[in-house]
Amino acid sequence: MAERIAITGIGIISSLGLNVEENLNSLLQKKSGIKEMELLDSIHKEIPVAEVNKTDKQLAEILGLEYHLELTRTTLLALIAAKEAWSNSDNKTVKSGIISATTVAGMRTSEKHYADFQNGVGESFFIQTHDAGDSTERLADFLGIKDFITTISTACSSSANSMMLGSRMLRSGKLDKVLVGGVDSLSLFTLNGFNSLMILDKEHCKSFDQSRAGLNLGEGAAYLVLERESDLKPDSKVYAYLEGYANANDAFHQTASSPEGNGAAMAMENALKMANLKPEQIDYINAHGTATNNNDLSEGLAIMKVFGEHIPHVSSTKPYTGHTLAAAGSVEAVFATLALQNEIIFPNLNFSTQMEELSFSPQTELLKKPLNYVLSNSFGFGGNNSSIILSRK
Amino acid sequence: MAIYINGIGLISPQETKSNASFLEEVNVLEGDYFKIAEPPYKEYIAPRELRRMSRVIRNGIVSAKIALNDSGLENPDAILTGTGLGCATDTEKFLMAMSENKESLLTPTSFIQSTHNTLGGSIAIGLGCHNYNMTYVNRGFSFESALLDAILMINGQEIENALVGGFDEMTENHNKLLLTQKHYAKENGAVAGQGSGFFALEKQINENTYAELKELETYFKPEDSAIEEKVLQILKTHDVNTSECVVLMGFNGVPVEQNKYNELRDSVFLNSCIAQYKNLSGEYYTSSAFAFWAASQILKKQSLPECMLVSGNVPSTIKHVFIYNQFLKNEHSLILLAK
């Protein structure tokens, strides 16, 4: 029997709020963070986004740090969420590590200066903060964590995957405590990238709706602290347990999911197997549910394949937060722990018509219900599909 | 649990595509950074696919295929890649197009291919491999993290084998940026390089086995004495006789980093044969994959190419290769391979 992994800290910043409490309140009040673009300097003002409504300087102020150019928005968001998650931890006595995730890293800064530099009229300082390791290493310095650090980038499943290596580091005894999660800030790079793929909705996204027309981009960071159950002290606060996880590859197309959702089904099945659970024991699925035509169809069919007659309550919280890319997996893992703790299923906003290919509709109202097991999906480019299962006790 | 390196593949600035030869001839540096000695891509990749692939993906696919063919492994239980920069060319293309066209009329191809896990995903599609697929992207820890995850999964009985690789590309534009940094400065700086190395790791030894992977440790900003202590501990744990050991260090011409290498050379490794590899690969985030390939070859072929020798005598029997690499004094890694 493998050692159980407990979640002993959570922290989050998103368009719903600057900490766990603010995020939970927005979820309960059905208040979406998707709005007209304010801070991102793009010509595409018609595209709604889910921004954290603070400037970089304001984010630095929240942290009590003096703002400078090498503190990228990505780093600042990561620091705020990680600080909240780590706040009950002292890393003096145990071996502690960080496994963070990001897709575009310091791009928000790089994209302002890159072309100017190459055209001979700009500076090169951004090269220090461009790569994916930068925010993780600053996080490590800020929290004083140094026994192990690394960064994962598997597109939109990145931070779900950080929980897998985190668990292995604990089970192998290499670490005693590990901060896992991810971060992405909105950037012109991703906005224009997804726009060129023509999968951005000009309205609020409609996950699992017959008339869905694409995703909204969001930004944020979320981190969780993982420890072995056997190391917990009697007074340790446990938010949830990580019972199972799996990553499977769709091996179909670089960006599109297979129509029948092979990789997604495999990820869910393997996570159930690891958790030693039957499908009917899952009470709630926090779906990837980006609201693109392709994702919601293949994810929906995969859910039908895995759960058959016993489809649990399903909802996507992307209509609240937008798609926060590398942060999505850990944002939704935090939401899953909040669902378990508060015995609440969050509604799938903006839904009106069931998809004709699916046998189920998402949960559209806030539902109060005791929950034992929550499954959370995160799928990304490169056919990278991940599922995690959390339990209350 | 023992883990064996049963297949290797490397595309680099040197003629490394054939594992039968081992750096008998050296391509010398031309220009500001090391360029790839490109393999005949058509022999490995269908023309239709080749057209769409950027250079870094091509080299990644070719090196992964060489490693898989070498080992006979067809469908690995896990595909793990490490890359510091990911797909630099496609990232640059999209950045420049965005700027030139003022965010209009953009095509998605370079955006799609700019993700760090493009190579991992492409290998999976090529093999039809639905298994665990992970990409690590933390500077000088990128390849090491992929390797570590594979070790933990094999030791934890999650998998029997894995394909693990490290890849990075260098471009004119990126090198222009690097040259403004002290680490890569023309005076006392490192010369940038690139490459892609893949390895088939398995629990079983076979007739093609290159080496056994004994140890992997990473250290982030370690205290001054920590590396030496750790080296001593690893040598003791694995009963390494330093006079039968080749030590492969990441000498890169940067004085502050050189000090640490020299210190170890003059203390714990006084009796050892000291070798280098960045004179052949250049400096890049995943250069330890080049070292890993070289170490596998050294142990299997029981020889050290002259171009790698720094000091000491090549042992008549090479029992171990110890790899020590660091990046900007921040990321340090120690890897021990045994015959």
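Analyst: Happy to. Domain 1 and domain 2 of chain A bury about 4,700 Å² between them, with 67% of that on carbon and sulfur atoms; buried area here is the accessible area (1.4 Å probe) that two parts lose on being put together, summed over both. This is a predicted model, in which local features need pLDDT of at least 70 and side-chain atom pairs count only at pLDDT 80 or more, while totals for chains, interfaces and linings use all residues. Residues are numbered from 1 along each chain as its sequence is written, chains are lettered from A and ligands numbered from 1 in the order in which they are written, and side-chain values use heavy atoms, leaving out hydrogens and water.

Domain 1 covers 5-231 and domain 2 covers 245-391 of chain A, bounds that come from an automatic or database domain assignment. Their centres, taken over C-alpha atoms, are 21 Å apart. In contact (heavy atoms within 4.5 Å) are 63 residues of domain 1 and 65 residues of domain 2 of chain A.

One salt bridge is counted between the two domains of chain A, meaning a side-chain nitrogen of Lys or Arg within 4 Å of a carboxyl oxygen of Asp or Glu. A:Lys30 and A:Glu365 form a salt bridge, their closest N and O atoms 3.0 Å apart.

On the side of domain 1 of chain A that touches domain 2, helix 6 of chain A gives the largest share, nine residues; helices here are DSSP runs (H or I, at least four residues), numbered from the N terminus.

Definitions and conventions. Helix = DSSP H or I, 4+ residues; strand = E, 2+ residues; numbered from the N terminus.
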